[in-house]
Amino acid sequence: MKRWSKAIGIALAAALFVSALSGCVKQASEEEGTIAKIKKQGKVIAGVKYDLNLFGLKDPATGQVQGLDIDIAKRVAKKVLGDENAIEFMEVTSKTRIPMLKNGDIDMIVATMTITEERKKEIDFSDVYFKAGQSLLVPADSPLNSIKDLTKDSKVLTAKGSTSAKNVREAAPDAQILEFENYAEAFTALKAGQGSALTTDNALLYGMAQQDNNFRVLDETFTEEPYGIGIRKGDGEFAQLINDTLKELTDSGEYAQIYEKWIGKKPN
């Protein structure tokens, strides 16, 4: 009986040691920061959208993801590792991007994410890299020309987990809001006649209108939407590296080239 108790005690002590060791390794990994993690894995893992023309859109024929967010993410990879192609793109949605960052699945979020005080409670942000404003995408022959034209009969489509739903509810409280998994699904629903308008940042809406000239973007914007790169809370070293990258791109004129390449005009 004593031998049995002793064996159990040894096994329990071993299990506790392994558990403690695992915890220490995890803690050390978390404390080392994102830059050290990136250098160990030899690449940056960036969370990006796959369904947003002009910012992050995956070509089913080639499997390549392209857009303004993609080009910005590549410049960060070049800053860290000296090679803009030392990067892996992982698809995120408005709903999944913050949990994936906090879980360590991705190193940064470059996915048309608006900097908000609520999100700052969970993650940190880089400086603003794109200034957008929320608007409406409507059929070309729609009588809608302003957010004020929305009524209780208007159905406005948007994506789950985005700031767009919250903003349009405040700006047009009488309108019906229908939320979809992503903007591609919302746009498909709009084309199928399931709504009066689709709402998100105007920069994204321009991409949709470019895909289908049966739709137009209203000139009016009813919010300011500053986009930032999302990083893990408290990682000041990585935040500084990203901000340095953004400043260098702006100062060199390369940012303006990227902006015009995708948006079709010079940045304001």
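Q: What makes the lining of the largest pocket nonpolar, polar or charged by class?
A: Ala, Val, Leu, Ile, Met, Phe, Trp, Tyr, Cys and Pro count as nonpolar, Asp, Glu, Lys and Arg as charged, and the others, Gly among them, as polar. By this rule the lining of the largest pocket has eleven nonpolar, five polar and four charged residues. This is a predicted model, in which local features need pLDDT of at least 70 and side-chain atom pairs count only at pLDDT 80 or more, while totals for chains, interfaces and linings use all residues. Residues are numbered from 1 along each chain as its sequence is written, and side-chain values use heavy atoms, with hydrogens and water left out.

Q: Which residues lie nearest the centre of the largest pocket?
A: They are Phe130, Lys131, Tyr255, Tyr259 and Pro267, out of 20 lining residues. On a 1 Å grid over the protein atoms alone, a pocket is an open set of points with protein on both sides within 12 Å along at least five of seven lines, and a lining residue has an atom within 4 Å of a point. The space in this pocket is about 470 Å³, where a volume is the space filled by probe spheres set on the points, joined across faces, edges and corners. H9 contributes the most to this lining, with four residues.

Q: Why does the span of helix H9 agree with its number of residues?
A: A helix is a DSSP run of H or I with at least four residues, and a strand a run of E with at least two, numbered from the N terminus. The expected span is 1.5 Å times one less than the number of residues. The 17 residues of H9 (residues 236-252) should therefore span 24 Å, and the end C-alpha atoms are 24 Å apart, so the two values agree.

Q: Which residues of H9 are called buried?
A: Buried means under 20% relative accessible area, with exposed over 50% and partly exposed in between (1.4 Å probe, protein chains only). Phe238, Ala239, Leu241, Ile242, Asn243, Thr245, Leu246 and Leu249 are the buried residues of H9.

Q: What makes a space a cavity, and how many cavities of 30 Å³ or more are found?
A: In a cavity, a 1.4 Å probe fits but cannot get out. The search of the whole structure finds two of 30 Å³ or more.
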